Amino acid sequence: MKLKPEQEQEASSIIKNLPLFAGCPEDALSAVVKLLDARDIMPGKVILMDQEIAKTLFILAKGIVGVWKRVRGEKKQLATLKSPDFFGERSMFEESPASALVKSEDRCLVYALERSQFDQLAVQFPGILEPLRKNMAEVRLKRLGPTPPPADP
């Protein structure tokens, strides 16, 4: 469902403060907000499946989600994201499978941006691409930690 005017204001404020969008042109961010869909998510609902290529960026406007991964046959919670935050960026921008399952822990409001819409926006605002690439690398480092050096043979 397209955002209501008050949601557009809130989404704009959230996006401007997310590290993913740091350094992006203001007009491009305003255009992003116009493309967002609001989704009300009930507690316990899976929003993003592990290994899914959803091609959707989710901006967590309200609520808390758990990030889960099966490790050696056991489900483990890797992180808890509290609003305002985001997830699905890997599947969205790199078309790689999601690296974990994301499930709502309480009632959530997420703003979703589909890859096909973003691709059209990127043609109109190419200046958004470089800051996003740089920010994605920093986000990955923060979330996953540094890549360990290879083991000596």
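Reader: How many bridges join strand 4 to strand 7?

Author: Two strands pair if DSSP finds at least two bridges between them, and strands are DSSP runs of E with at least two residues, numbered from the N terminus. Here, four bridges join strand 4 (residues 64-71) to strand 7 (residues 101-104), and the two run antiparallel. Glycine 66 stands opposite lysine 103 in strand 7. Please keep in mind that this is a predicted model, where local features need pLDDT of at least 70, side-chain atom pairs count only at pLDDT 80 or more, and totals for chains, interfaces and linings use all residues. Residues are numbered from 1 along each chain as its sequence is written, and side-chain values use heavy atoms, leaving out hydrogens and water.

Reader: Which strands stand at the edges of the sheet?

Author: The open sheet has four strands in the order 2-7-4-5, with antiparallel pairing. Strand 2 (46-48) and strand 5 (74-82) are at the edges with a single partner strand each, so one side of each has no neighbour in the sheet.

Reader: At what angle do helix 1 and helix 2 pack?

Author: Helices are DSSP runs of H or I with at least four residues. Axes are lines fitted to C-alpha atoms, for helices over the stretch in contact, and angles between N-to-C directions run from 0 to 180 degrees. Helix 1 (residues 5-17) and helix 2 (residues 26-35) pack at about 135°, with axes 9 Å apart. That makes helix 1 oblique to helix 2; under 35 degrees counts as roughly parallel, over 145 as roughly antiparallel, 65 to 115 as roughly perpendicular, and the rest as oblique.

Reader: Which residues of the two helices meet?

Author: Contact means heavy atoms within 4.5 Å. Those meeting in helix 1 include Ala11 and Ile15, and those in helix 2 include Leu29 and Val33.
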